[in-house]
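Hi there,

Here is the model I promised to pass on to you.

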Amino acid sequence: MTENESTTNDPIIICEDVHKWFDDFHVLKGITTTFKKGERAVICGPSGSGKSTFIRTINRLEEHQRGTIIVDGIELSNDLRNINLIRQEVGMVFQQFNLFPHLTNIKNISLGPIQVRKMSKRAAEEAALALLERMDIADQAYKYPAEISGGQQQRVAIARALAMEPKIMLFDEPTSALDPEMISEVLDVMRELAHSGMTMLVVTHEMGFAREVADRVMFFDEGVVIEEAAPADFFDNPQHERTKLFISQTLQH
Amino acid sequence: MENTAITQEVKPPNTKKGPVKWLKDNLFNTWYNTILTCLGLAFLFFVFKGVFTWVFTQADWEVIPANLQIFSIGPYPLEQIWRVSTVIYGLAVLLGLSAGIWNGLTRQITVAIGCIGAIILLLPFHIPVREHALIATVILAVSFAIGRNKDNWKRWVVVGWVLSFPWTMMMLHGFGAGTVSTTMWGGLLLTLILAAVGIVACFPLGVLLALGRRSQLPAIRWVSTVYIETIRGVPLITLLFMGSILLPIFMPGDFQLDKVIRAMVALTLFSAAYMAENVRGGLQAIPSGQVEAAQAVGLTYPKTMLFIVLPQALRAVIPAIVGQFISLFKDTSLVSIVGLVDLLGVARSVLGNAEWIGLQPEVYLFVAAIYFVFCYAMSFVSQKIESDLGVGKH
C-alpha cells in the first residue's frame with residue numbers, strides 16, 4: 001500500500017501535555033502529539049491504558065484537566081460554542097454503534113445535517129441515501145437499527161458521522177462488538193475512507209488493518225504513549241519490552 | 001397442499017385446540033379440578049344473579065334520567081347552555097379536521113367519539129340533547145371530510161388545539177350580562193375541564209422538572225428536587241385546602257383568584273411532581289451512549305433532549321404517564337371537598353334532595369361507571385399508542 005500520499009504537513013490536531021483523572025485515577029499522564037491533515041493513526045494498547053479516553057478528549061466527550069488540545073485551530077476549553085464547532089468538524093464512531101433506536105437509519109443520518117448544519121430535509125435525506133449507497137446498504141434506509149445486522153448498524157453509524165462532512169474521524173474500537181464474519185465489511189468501509197484522504201484516529205485491535213492502512217501506530221500503556229512508529233517499524237522492530245509482549249500476544253490469534 | 005410428500009419443510013406441531021378439547025384439558029382434567037370448576041361456576045352464577053336481579057328488577061333508575069342535566073353540567077344555567085354546545089361544536093371541528101389530516105390513531109379515536117354521538121342520538125334522551133348530539137356528529141363528519149389530505153393545515157390545527165383551552169374557558173364563562181361565574185360550573189363538565197387542564201399542564205411541567213432534577217447546574221437541580229419532594233410529601237387535599245383557604249389570605253387586597261382556577265393550579269402542581277418522577281425513570285433508562293452519539297454529531301443540549309432522549313424516555317414510560325393521567329382524572333373528585341360541585345359533588349347534592357333519598361347505590365354506580373368509561377378509554381388509547389410506536393420493538 002502506498003502511504004503518505006494524502007498526508008500534508010499541516011497539523012490538524014495538536015495535543016500538549018494532556019492529563020485526565022477519573023477521581024483519583026490518573027488515566028492520561030501527559031500526552032503530547034500532533035496529527036497531520038490526512039494522517040491515519042492507529043492507537044492500540046491493553047484495556048485501561050487510556051486509549052479510548054484519549055480520543056474521546058478530542059471531541060470533548062471527556063474533559064481533559066491539564067494541558068491543551070487544539071483541533072483545526074480551535075482550542076478546546078469550557079466555551080460551549082467552541083466545543084460545538086469542534087464537534088461539527090469531528091465525526092465519531094463508537095464500539096456499541098449508539099444508533100438512535102427510535103429513528104429509521106436514514107433519519108439517524110440526516111438528523112445532524114438538518115438540525116446542526118441547517119440543511120433542508122430533502123437535501124439531507126438525499127445526501128444520507130448517497131452515503132448509504134457508499135456503505136453498500138442503501139436498501140436498509142427505511143428500516144430501524146434493530147432490524148439490521150451489527151455490521152450494517154456500524155456502517156450506518158459511520159454514515160451518520162460522515163453526513164456532517166467532518167474533517168476528522170474518530171473510531172473507538174469500531175469492530176470490537178461485532179461478530180467475526182461482520183468485521184471485514186466494516187473494515188472495508190474504513191479502508192475506503194482512509195484512501196479518500198480522511199484524517200482518522202482509530203482505536204482498534206485489528207493489527208492487520210493497522211499494518212495495511214496506518215501511517216503511524218501509537219502504543220498506549222498506563223496513560224502514556226510508550227512507543228509510536230510507522231507500522232512496518234512498529235510490528236517488525238518494536239523497541240519496548242511492553243510493546244513486544246503486546247504484539248506477540250495480539251498476533252497469536 | 002395435501003400431497004406434498006417431497007417437501008423437506010417440517011411444519012410446527014399443531015397446537016391449536018377446539019373449545020371442547022380446551023375445556024377438557026384445562027378445567028376438567030382431574031377430579032379435583034372438576035370440583036373446583038363447578039364451585040367456581042356456582043359462585044359466579046350467584047354473584048351475577050344477585051347483581052343482575054338488582055340492576056334489572058330492584059334498582060330505581062328513575063333518578064338518573066331525571067337528573068341527567070345536573071350530572072352533566074351541574075348548576076350551569078340552562079338558558080346559557082348554548083355556550084357548552086358551542087364549545088363542543090368547536091372541539092368537533094378540531095377533532096374532525098385532525099382525523100382527516102392525521103391517519104391512524106386520531107382517526108380511530110374520532111370514529112369512536114362519532115359513534116358515541118350517534119348512540120346518544122338514538123337513546124331516549126330529551127329532544128334538545130339529541131339535537132345537540134346530531135349537530136355535533138354532523139359537524140365532526142363534515143370537518144373530517146374537509147380535512148382529508150390537507151397536509152398543509154397541520155400547523156393551524158395544532159394552533160387551534162392550543163387555543164382551544166383559553167377559548168373553552170372564555171366561552172363557558174362569557175362576558176358582560178351573560179356571564180356564567182365558575183361557581184356555576186359543575187358536574188361532568190367541571191370534572192372534564194379540571195382533568196383536561198391538569199393533564200395538559202402537568203405534562204410539560206413534569207418533563208421540565210425531571211430534566212431539572214438531572215441538570216448539572218446545582219441551582220436548577222436543587223429547586224426541582226425540593227419542589228418534587230415537598231409536593232410528593234403532602235396529600236392532594238392539603239394542597240386543595242391551601243389553595244382555597246391560605247392563598248386568599250396571602251393575596252393582596254381585594255384580589256380574588258377564581259376558585260376553579262385555584263383547584264386547577266393545585267391539581268397541576270400536584271400531578272407535575274409525580275409526572276416528573278415518572279419521566280425521570282424513563283430518562284435514567286436511556287444509555288449514556290445515546291447522549292454521547294448526539295453530542296458527537298454536534299447537537300446542542302436542548303436538541304439532544306428534544307430529538308434523542310425525550311422521545312425514547314417518554315415512550316418507555318407511557319404506562320406510568322397514563323397511570324398518572326388516570327389518577328389525576330379520579331383525583332378531580334376531591335375538589336368537592338373545597339366546595340366545587342364536580343361529578344361526584346353533584347351526585348351527593350342529588351342524593352341530598354328529599355325526592356331521591358336512599359338511592360345511593362344507583363347514583364354511585366352510575367357515577368362510577370362514568371369514571372370507568374373515561375379512565376378505561378385513556379388506558380385503551382395508551383395501549384394503542386404503544387403498539388403504534390412499536391414499543392419494545394425498536
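**What I found**

A:Lys244 is partly exposed, with a relative accessible area of 36% (buried means under 20% relative accessible area, exposed over 50%, and partly exposed in between, with a 1.4 Å probe and protein chains only). Its salt-bridge partner is A:Glu241, with 3.6 Å from N to O; a salt bridge here is a side-chain nitrogen of Lys or Arg within 4 Å of a carboxyl oxygen of Asp or Glu. A:Glu241 counts as exposed, at 59% relative accessibility. Both residues lie in helix 9 (residues 241-252) of chain A, 3 residues apart, about one turn of the helix. Helices (H or I, at least four residues) and strands (E, at least two) are DSSP runs, numbered from the N terminus.

Before going on, some housekeeping. This is a predicted model, in which local features need pLDDT of at least 70 and side-chain atom pairs count only at pLDDT 80 or more, while totals for chains, interfaces and linings use all residues. Residues are numbered from 1 along each chain as its sequence is written, chains are lettered from A and ligands numbered from 1 in the order in which they are written, and side-chain values use heavy atoms, with hydrogens and water left out.

**More salt bridges**

Over all chains, the structure holds 26 salt bridges. In one of them, A:Glu39 pairs with A:Arg216, and the closest N and O atoms are 2.7 Å apart. A:Glu39 sits in the loop between strand 2 (25-36) and strand 3 (40-44) of chain A and A:Arg216 in strand 9 (residues 216-221) of chain A, so this pair ties together parts that are 177 residues apart in sequence. Both A:Glu39 and A:Arg216 are buried.

Another salt bridge joins A:Glu212 and A:Arg191, at 2.8 Å from N to O. This pair links distant parts of the chain, with A:Glu212 in helix 7 (residues 207-213) and A:Arg191 in helix 6 (residues 180-195) of chain A, 21 residues apart. A:Glu212 is partly exposed, at a relative accessible area of 26%.

**Where the chains meet**

How many residues of chain B are in contact with chain A? There are 19, and they touch 24 residues of chain A, where contact means heavy atoms within 4.5 Å. The two chains bury about 1900 Å² between them, 62% of it on carbon and sulfur atoms; buried area is the accessible area (1.4 Å probe) that two parts lose on being put together, summed over both.

Across this interface the rule finds 1 salt bridge. The partners are A:Arg56 and B:Glu292, whose closest N and O atoms are 2.6 Å apart. On the chain B side, the elements that give two or more residues are helix 13 (288-297) and helix 14 (301-316). Helix 13 of chain B provides the largest share, 8 residues.

**Chain B itself**

Chain B has 17 helices and 1 strand, and its C-alpha trace spans about 90 × 70 × 50 Å along its principal axes. Of its 394 residues, 38% count as buried. Residues 24 or more positions apart account for 75% of the contacts in chain B with a separation of 6 or more.

Helix 17 (residues 360-389) of chain B is worth a look. At 1.5 Å a residue, its 30 residues should span 44 Å, and the end C-alpha atoms are 43 Å apart, which agrees; the expected span is 1.5 Å times one less than the number of residues. Its buried residues include B:Val363, B:Ile370, B:Tyr371 and B:Met378. Just after helix 17, B:Gly390 takes a positive phi of about 70°.

B:Thr37 lies in helix 2 (residues 31-58) and is buried, with a relative accessible area of 13%. Leaving aside its neighbours within four places in sequence, B:Thr37 is in contact with B:Leu27 and B:Phe28. B:Thr168, in helix 8 (residues 154-173) of chain B, counts as buried at 13% relative accessibility. A polar atom of the B:Thr168 side chain lies 2.5 Å from the backbone oxygen of B:Ser164.

Best wishes

Methods. Polar contact = N/O pair within 3.5 Å; in protein donor to acceptor, adjacent residues only side chain to side chain.
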